[in-house]
Amino acid sequence: MSNLVKNNLDRISLKGGVVDCIIGVLPNERTTKQKLNFEISMYLDIRLAAQKCDLYHSSDYAFVKSLIERLLEEGEFGLLETAAEAIAHLLLEETLRLKL
């Protein structure tokens with residue numbers, strides 16, 4: 001992310017996410033759930049939330065975490081990279097939906 005964009009945004013990190021999911025391309029990975037640890041960093045403009053002390057202008061981090069958990073648990077991805085791409089698309093779609 002460029003410094004210009006980072007300068008106007010705050011970084012929020014969600015750490016410690018753990019799900020049991022199907023991930024991998026090997027035959028045993030396609031049938032046996034594995035523990036997958038995840039963390040995500042989001043760049044958000046939270047100035048208005050901070051100024052007004054109002055959650056309406058912030059992000060619901062528990063909801064974001066639950067979206068990621070559900071996607072990983074139900075997705076059965078072959079590659080971590082594919083899962084990461086799906087998470088990014090999901091969060092972007094959710095952001096656009098909430099702004100409408």
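I shall begin with the overall fold, then turn to the core, the salt bridges and a surface patch.

A word on conventions comes before that. This is a predicted model, in which local features need pLDDT of at least 70 and side-chain atom pairs count only at pLDDT 80 or more, while totals for chains, interfaces and linings use all residues. Residues are numbered from 1 along each chain as its sequence is written, and side-chain values use heavy atoms, with hydrogens and water left out.

The protein contains 4 helices and 2 strands; these are DSSP runs numbered from the N terminus, helices being H or I of at least four residues and strands E of at least two. Along the sequence, their order is α-β-β-α-α-α.

As to overall dimensions, the C-alpha atoms occupy a box of roughly 50 × 25 × 25 Å along the principal axes. The radius of gyration is 16 Å, whereas a compact globule of 100 residues would have one near 13 Å. That radius is taken over C-alpha atoms, and the globule rule is 2.2 Å times the number of residues to the power 0.38.

Let us now look inside. Of the 100 residues, 22% are buried, where buried means under 20% relative accessible area, exposed means over 50%, and partly exposed lies in between, with a 1.4 Å probe and protein chains only. In soluble globular proteins, nonpolar side chains tend to be buried together. Here, the largest nonpolar core has 17 residues, and those with the most contacts inside it are I40, I68, L72 and L91. Strand 1, strand 2, helix 3 (61-75) and helix 4 (80-99) are the elements that give two or more residues to this core. A nonpolar core is defined as a set of buried Ala, Val, Leu, Ile, Met, Phe, Trp, Tyr and Cys residues joined through side-chain atoms within 4.5 Å.

Which residues does I40 contact, leaving aside its neighbours within four places in sequence? They are I12, S13, L14, I68, I87 and L91, with contact meaning heavy atoms within 4.5 Å. Among contacts between residues at least 6 apart in sequence, 58% join residues at least 24 apart.

I turn next to charged pairs. A salt bridge is a side-chain nitrogen of Lys or Arg within 4 Å of a carboxyl oxygen of Asp or Glu, and by this rule there are 3. One pairs D20 with K35, their closest N and O atoms lying 3.2 Å apart. Since D20 lies in strand 1 and K35 in strand 2, this pair ties together parts that are 15 residues apart in sequence. D20 is partly exposed at 36%, and K35 is exposed at 63%.

Another salt bridge joins D45 and R47, at 2.7 Å from N to O. Both are partly exposed, D45 at 39% and R47 at 45%. K65 and E69 form a salt bridge at 3.8 Å; being 4 residues apart in helix 3, they are separated by about one helical turn.

Finally, the surface. The protein exposes about 7400 Å², of which carbon and sulfur atoms supply 56%; areas come from the Shrake-Rupley method with a 1.4 Å probe, and for residues only the protein chains shown count as cover. V25, L26 and L79 make a nonpolar surface patch of about 280 Å². Patches are made of residues with over 30% relative accessible area and no salt bridge, like charges being joined within 9 Å and nonpolar side chains (Val, Leu, Ile, Met, Phe, Trp, Tyr) within 5 Å. V25 sits in the loop between strand 1 (10-21) and strand 2 (34-44), and is exposed at 58%.
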